[in-house]
Amino acid sequence: MRLPRRFRAWGGGLLTILLTLAASVAGAAEASRPGLPPVVELGVGGTPTSTPPSREALADLLQQLETLQAEVRNLRGQVEVQANEIERLKTRQRELLADIDRRVSELERRGTAVPSSETKPPVTPAPAASASSAQEQRDYDAAFNLMKQGFYERAAKGFRDFLAKYPQSNLRDNARYWLGEAYYVARNFRQALDEFGKLMTDHPASPKVPDAMLKTGYSHYELGDWAKARLNLTQVMTRYPGTPAAKSAEQRLAKMKKEKR
């Protein structure tokens with residue numbers, strides 16, 4: 001049966017509408033499939049939440065980097081200064097040991113028993129005095145040998161014991177000097193100053209006085225008291241010209257002048 005023409009026209013329009021709806025649904029389904037580009041989530045104000053760093057942030061990072069580089073340069077400088085200071089101390093220690101060896105050799109050539117002008121004649125019987133002197137010499141030599149071997153603390157104890165045990169010994173000035181020397185080499189400069197001072201006060205005529213005055217100047221130098229160091233070294237040159245102590249004093253003063261001390 002054939003439909004009237006107006007019904008056929010209406011049916012064609014309905015079919016067109018249905019096909020359009022079907023195409024729209026298919027398009028929506030295709031858009032919902034995985035694999036499409038992700039949807040960008042917008043933040044406040046409609047801007048993307050994942051944004052590149054701003055100029056301010058980059059400038060802050062650059063400033064932090066420059067600060068770290070400056071700190072590294074500063075640390076490197078401190079390391080170099082400390083390395084130079086360690087090397088200076090090593091050099092000074094070698095000088096001290098060389099000076100000790102030289103003075104020990106001089107003392108051995110001259111003999112260790114140097115009589116003091118203040119020594120009084122012994123009042124004990126001859127045999128007892130001879131025995132006492134022999135024991136004194138053994139005790140003195142024991143401490144002195146420790147000094148030569150580099151056992152400075154043990155040597156200092158030996159000389160302290162000697163001074164306490166033999167208050168009238170004619171070796172007291174030498175023992176006092178080497179006690180100060182043991183403190184000096186161990187960098188205990190204040191105790192060294194005390195012992196050198198006692199030697200110069202108690203035994204002003206001792207041949208060890210020039211060396212004690214020299215080491216007094218050295219000790220003040222090591223303690224950073226430049227004025228006192230300069231005064232003592234100048235006194236050595238003035239009072240004992242031509243001696244090895246005066247020559248050493250002159251060299252140290254020249255060094256201080258170069259260092260602008």
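Modeller: Lys260 is found in the segment after helix H9 (244–259), where helices are DSSP runs of H or I with at least four residues, strands are runs of E with at least two, and both are numbered from the N terminus. Its phi is near 60°, a positive value in a residue other than glycine. With a relative accessible area of 76%, Lys260 is exposed (buried means under 20%, exposed over 50% and partly exposed in between, with a 1.4 Å probe and protein chains only).

This is a predicted model, in which local features need pLDDT of at least 70 and side-chain atom pairs count only at pLDDT 80 or more, while totals for chains, interfaces and linings use all residues. Residues are numbered from 1 along each chain as its sequence is written, and side-chain values use heavy atoms, with hydrogens and water left out.

A positive phi also occurs at Arg187, about 65°, although this residue is not a glycine. Arg187 sits in the loop between helix H5 (172–185) and helix H6 (189–202), and its relative accessible area of 35% makes it partly exposed.

Ser219, by contrast, counts as buried, because its relative accessibility is 0%. This residue lies in helix H7. Leaving aside residues up to four places away in sequence, Ser219 touches Tyr184, Phe189, Ala192, Leu193 and Phe196 (a contact means heavy atoms within 4.5 Å).

Helix H7 (residues 209–222) also meets helix H8 (residues 226–239): their axes come within 7 Å and cross at roughly 160°. The two helices are therefore roughly antiparallel to each other, a word used for angles over 145 degrees. H7 contributes Pro210, Met213, Leu214, Thr216, Gly217, Tyr218, His220 and Tyr221 to the contact, and H8 contributes Trp226, Lys228, Ala229, Asn232, Leu233, Gln235, Val236 and Arg239. By class, the residues of this contact are nine nonpolar, five polar and two charged.

Of its 261 residues, 29% count as buried. Among contacts with a separation of 6 or more, 57% join residues 24 or more positions apart.

Finally, the protein averages a pLDDT of 76, and 58% of the residues score at least 70; pLDDT is the predictor's confidence in each residue, from 0 to 100. Over residues 112–132 the pLDDT stays under 50. Where pLDDT is low, the predicted coordinates should not be read in detail.

Terms used:
Axes fitted to C-alpha atoms, helices over the stretch in contact; angles between N-to-C directions. Parallel < 35°, antiparallel > 145°, perpendicular 65-115°, else oblique. Nonpolar A, V, L, I, M, F, W, Y, C, P; charged D, E, K, R; others polar.
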